[in-house]
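Here are my notes on the model you passed along. Have it open while you read.

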Amino acid sequence: MTLFRQALRFTSRLPFICGRCRTYSAQAGAVEQVVSAFRCVSGDEGVSVASAVREQHGRDESVHRCRPPDVVVFPRSVEEVSALAKICHQHQLPIIPFGTGTGLEGGVGAVKGGVCFSLRKMEQVLDLHQEDFDVTVEPGVTRKGLNSYLRDTGLWFPVDPGADASLCGMAATSASGTNAVRYGTMRENVLNLEVVLADGTVLHTAGKGRRPRKTSAGYNLTNLFVGSEGTLGIITKATLRLYGIPESMVSAVCSFPSVQSAVDSTVQILQAGVAIARIEFLDDVMINACNRFNNLSYAVTPTLFLEFHGSSQSMKEQVSITEEITRDNGGSDFAWAEDEETRGRLWKARHDAWYAALALRPGCKAYSTDVCVPISRLPQIIVETKEDLIRNNITGPIAGHVGDGNFHCLIVLDPNDPDEVQRVHSFTERLARRALAMDGTCTGEHGIGLGKRALLREEVGSLAMEVMLGIKATLDPKNLMNPGKVL
């Protein structure tokens with residue numbers, strides 16, 4: 001029997017936050033036995049059992065209800081992380097890594113109690129190699145923080161999930177975002193990881209200090225941990241690819257008569273080799289919400305927001321090619337801008353989509369779910385999804401990274417209405433299975449977390465699940481690392 005009692009059974013219904021967070025406390029005396037040991041490692045200020053601190057670390061930005069840990073520790077170095085993990089391993093205490101809490105699938109909830117490792121005090125940019133276009137960061141360094149540090153170097157890190165997430169947390173969830181069509185996801189931009197395993201062992205996935213741009217040496221352990229969501233180890237350092245800041249950036253907006261024509265334009269733009277960095281889709285419901293929220297006047301039709309990166313000389317040609325392609329597909333109201341202020345105005349609708357969706361139903365909560373399909377299947381799945389939303393009386397404007405076939409439904413609902421909660425839950429499962437039926441995935445960038453574990457099995461099959469479980473059993477035989485997530 002473990003020191004911590006089993007969590008209440010996780011139900012299949014969406015566990016929306018409602019009222020005070022539910023607390024999962026340890027068996028009598030269990031925490032006290034280890035808190036003093038934790039304090040010997042991290043000091044009094046590095047350990048907390050305060051209810052408010054625990055509840056803060058038991059939730060992310062998802063709709064999953066708060067599941068606080070029994071203890072929160074704040075290590076300042078990999079040595080402290082390793083020492084704390086060894087104590088947890090000795091006492092069979094679950095370990096839940098925590099970055100900035102910006103996840104969307106309940107990945108930080110302590111479903112079996114245990115110890116939350118809050119990594120915010122490890123916030124150093126350790127090694128910057130400008131001539132090699134790489135940098136090594138600790139887990140407390142955020143995306144915006146790194147780019148601020150790089151401001152005068154002519155370099156930047158382009159992976160942008162929207163939130164100012166921690167970079168190691170982004171690696172743990174294989175995050176991506178609006179720039180992925182040009183620069184890839186975290187999977188393509190992590191060169192090496194330092195990971196503390198469940199027993200406190202420190203692993204360097206590509207070899208200590210190594211940072212080649214490519215390698216064919218052995219198994220790809222780095223990408224094993226990218227997307228593992230804290231279930232295999234705690235990422236304490238990440239070595240990342242950097243890119244030169246483009247000489248010029250141009251933004252454009254174009255309206256279309258249908259989803260099909262917008263996607264056709266996207267495919268043809270990519271086929272033409274246009275240096276597109278972002279190509280975002282908003283459906284008519286989302287555009288209407290953005291117009292109302294920001295007092296804009298975009299046509300209430302499917303719309304593409306585009307951004308081009310490159311030299312000033314090449315931009316006019318790229319924009320001209322794009323304008324011609326969109327016109328051939330029925331596009332209209334094509335507008336573009338190069339100066340930063342005008343570009344910001346053009347993109348304002350996309351940047352404020354979340355808040356515009358919330359404004360459709362004041363006082364309600366927003367829930368974002370995502371799927372990804374081959375680009376050619378995008379028109380079909382969006383049309384079927386919109387019909388499903390209307391049929392079930394669900395408010396769910398659509399925004400997506402159309403260049404990747406990835407889109408989000410920004411569902412706005414009343415969490416205190418059981419009937420609506422159930423309708424939304426059923427809708428999200430239908431949406432995911434619709435994506436699977438079209439050779440896609442149940443999640444393009446949010447991860448599996450708590451809510452999509454059954455869908456993962458449907459997606460990859462029983463044999464792949466057995467392989468994953470075997471890897472988990474090898475690296476974490478006591479199932480201490482973020483238990484109850486992914487698998």
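1. The lining of the second largest pocket splits into 10 nonpolar, 11 polar and six charged residues. Here Ala, Val, Leu, Ile, Met, Phe, Trp, Tyr, Cys and Pro count as nonpolar, Asp, Glu, Lys and Arg as charged, and the others, Gly among them, as polar. A caveat on the source: this is a predicted model, where local features need pLDDT of at least 70 and side-chain atom pairs pLDDT 80 or more, while totals for chains, interfaces and linings use all residues. Residues are numbered from 1 along each chain as its sequence is written, and side-chain values use heavy atoms, with hydrogens and water left out.

2. That pocket has a volume of about 620 Å³. Of its 27 lining residues, Arg-187, Val-226, Gly-227, Leu-456 and Met-468 are the closest to the centre. (A pocket is an open set of points on a 1 Å grid where a 1.4 Å probe fits, with protein on both sides within 12 Å along at least five of seven lines; lining residues have an atom within 4 Å of a point.) At least two lining residues come from each of helices H7 (186–189), H8 (221–225), H16 (453–460) and H17 (462–475).

3. On to the rings. Tyr-183 and Tyr-243 pair edge-to-face, at 5.1 Å centre to centre and 70 degrees between the planes. (Rings of Phe, Tyr and Trp, the last by its six-membered ring, pair if their centres lie within 6.5 Å; planes under 30 degrees apart are stacked, over 60 edge-to-face, the rest tilted.) Tyr-183 is in helix H6 and Tyr-243 in strand S11, so the contact ties together parts 60 residues apart in sequence. Tyr-183 is buried at 8% relative accessibility, while Tyr-243 is partly exposed at 22%. (Buried is under 20% relative accessible area, exposed over 50%, partly exposed in between, with a 1.4 Å probe and protein chains only.) Ring pairs also bring Trp-156 into a cluster with these two tyrosines.

4. Then look at Trp-347. Both Phe-305 and Trp-347 are buried. The charged end of Arg-278 sits over the Trp-347 ring, 4.1 Å from its centre. (That takes NZ of Lys or CZ of Arg within 6 Å of the ring centre and within 35 degrees of the ring normal.)

Methods
Points joined across faces, edges and corners; volume = space filled by probe spheres on them. Helix = DSSP H or I, 4+ residues; strand = E, 2+ residues; numbered from the N terminus.
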